[in-house]
Structures are given as C-alpha cells and as structure tokens.
Amino acid sequence: MLRTTFSARAVTRPLRAALSTTTRAMAQGDTGAPPKTGGQGDAFQRRERANEDYAIRQREKEKLLELKKKLTEQQQHLERLAKHIDEITKEQGGEQN
C-alpha cells in the first residue's frame, strides 16, 4: 500500500526545472570580474584592453592613410586647375608674360 502511494504521487507531481535559470554573478577575484578598486584588473582584462586598443589604432591608421591619399589627389587637382587658369588668361592676354 505504501509503495503504490509513493508511485502515484510521483507520477502526478509536475516536474521541476532541472537546469538553473539564475545568472552567474562574478565574485571578486574571478577571471574577468571588474576590480573592486577600479584598477587595471587581472592579466586577462589587460590583454583584452590592449587588443582592443591595438585594433582601434589600426583602424585609425587606415583612415589617416586614406585621408592623406585623398588630400594628395585634391592638391594635384588644384594644381591642374591653376595651370588651366593660367593658360586661359595667357591666351586671352590678361597677363603680360
């Protein structure tokens, strides 16, 4: 009798979640946890920060090179325009050269 009572209750009882649904909180000193005093952090955080800084510097370097290229193209274009203006003014007799 006792055995049948337990098995009947086990079948009718809803199953609870087997997995934990709470978020994992980082404790002080865990890898990747923010430092309590606001310092540099552990080696993992310093390496990640250094990698991010390097990537940002590389993108900025590429942008600067592209801007320098555009600047030289614009300067060449301005020189061609200045030469063209000089030729036109010489043909029209505006300058006494």
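**A helical chain and its salt bridge**

The side chains of Glu-66 and Lys-70 meet in a salt bridge at 3.7 Å, N to O, where a salt bridge is a side-chain nitrogen of Lys or Arg within 4 Å of a carboxyl oxygen of Asp or Glu. This is a predicted model, in which local features need pLDDT of at least 70 and side-chain atom pairs count only at pLDDT 80 or more, while totals for chains, interfaces and linings use all residues. Residues are numbered from 1 along each chain as its sequence is written, and side-chain values use heavy atoms, with hydrogens and water left out.

**Helices**
- The protein chain has two helices and zero strands, taken as DSSP runs numbered from the N terminus (helices: H or I, at least four residues; strands: E, at least two).
- Helix H2, residues 43–92, holds 50 residues and reaches 73 Å from its first C-alpha to its last, close to the expected 74 Å, a span given by 1.5 Å times one less than the number of residues.
- After H2 comes Gly-93, which has a positive phi near 80 degrees.

**The salt bridge in its setting**
- Glu-66 and Lys-70 both lie in H2, four residues apart, about one turn of the helix.
- Glu-66 is partly exposed at 46% relative accessibility, and Lys-70 is partly exposed at 45% (buried is under 20% relative accessible area, exposed over 50%, partly exposed in between, with a 1.4 Å probe and protein chains only).

**Burial**
- Buried residues make up 2% of the 97 residues in the protein chain.
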